[in-house]
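Here is a short report on one helix and the core around it. Keep the coordinates open while reading.

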Amino acid sequence: MTRAIFIIAAAFLATAANAESVAELHEKELNAIDANNDGFLSRDEFNAFSDYAFQTMDEDKNGTLGQDEAKPFLDIKQFQDVDRNKDSFVSRSEYDAQMNDDFGVADQNGNGLLD
Ligand SMILES: [Ca+2]
Ligand SMILES: [Ca+2]
Ligand SMILES: [Ca+2]
């Protein structure tokens with residue numbers, strides 16, 4: 001199971017908030033992504049964060065992530081999992097497919113909200 005979203009969120013927020021406990025980090029992640037602060041992560045909030053994360057990682061703004069761009073956020077195994085056609089780049093559609101799968105896996109009761 002690849003939990004790219006949480007790994008990416010943790011990596012983003014870890015750079016901003018070092019020396020936090022894992023529990024505090026998880027809380028911060030959720031607060032950062034939970035735009036309406038209802039304690040749940042809706043599909044829209046997830047998509048907005050996912051888009052923000054992609055734009056941030058795509059430093060040269062060419063619409064794909066090279067290994068160098070993804071390196072601070074994903075290890076090689078995670079990168080290869082997301083790079084479904086194995087061309088050594090993560091396209092936006094590969095990224096979106098992974099994020100969509102991650103949301104589905106994380107949303108165990110299927111109500112469209114993550115808590
Ligand atoms: Ca929310
Ligand atoms: Ca790029
Ligand atoms: Ca690819």
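The expected span of a helix is 1.5 Å times one less than its number of residues. The model here is predicted. Helix 3 covers residues 43-57, which is 15 residues, so it should span 21 Å. Its end C-alpha atoms are 21 Å apart, in agreement with that value.

Which residues of helix 3 are buried? They are F46, F49, S50, A53 and M57. Seen down the helix axis, these buried residues fall within an arc of 105°, so they line one face of helix 3. The face turned away from that side carries the exposed residues D44 and Q55.

Next, the core. In soluble globular proteins, nonpolar side chains tend to be buried together. The largest nonpolar core here has 16 residues. Those touching the most other members are M57, L65, A70, F79, V90 and Y95. Two or more core residues come from each of helix 3, helix 5 (76-82) and helix 6 (92-106). Helix 3 gives the largest share, four residues.

Beyond its neighbours within four places in sequence, M57 is in contact with L65, E69, A70 and F73.

Now confidence. Mean pLDDT over the chain is 81, and 74% of residues reach 70 or more. Over residues 16-20, pLDDT stays under 50. The model has four contacts beyond four places in sequence for that stretch. Where pLDDT is low, the predicted coordinates should not be read in detail.

Terms used. Residues are numbered from 1 along each chain as its sequence is written. Chains are lettered from A and ligands numbered from 1 in the order in which they are written. This is a predicted model: local features need pLDDT of at least 70, side-chain atom pairs count only at pLDDT 80 or more; totals for chains, interfaces and linings use all residues. A residue is buried if 20 or more other C-beta atoms lie within 10 Å of its own, exposed if 12 or fewer, and partly exposed in between; C-beta atoms are placed from the backbone. The arc is that of the directions from the helix axis to the C-beta atoms. A nonpolar core is a set of buried Ala, Val, Leu, Ile, Met, Phe, Trp, Tyr and Cys residues joined through C-beta atoms within 7 Å. Two residues are in contact if their C-beta atoms, placed from the backbone, lie within 7 Å. pLDDT is the predictor's confidence in each residue, from 0 to 100.
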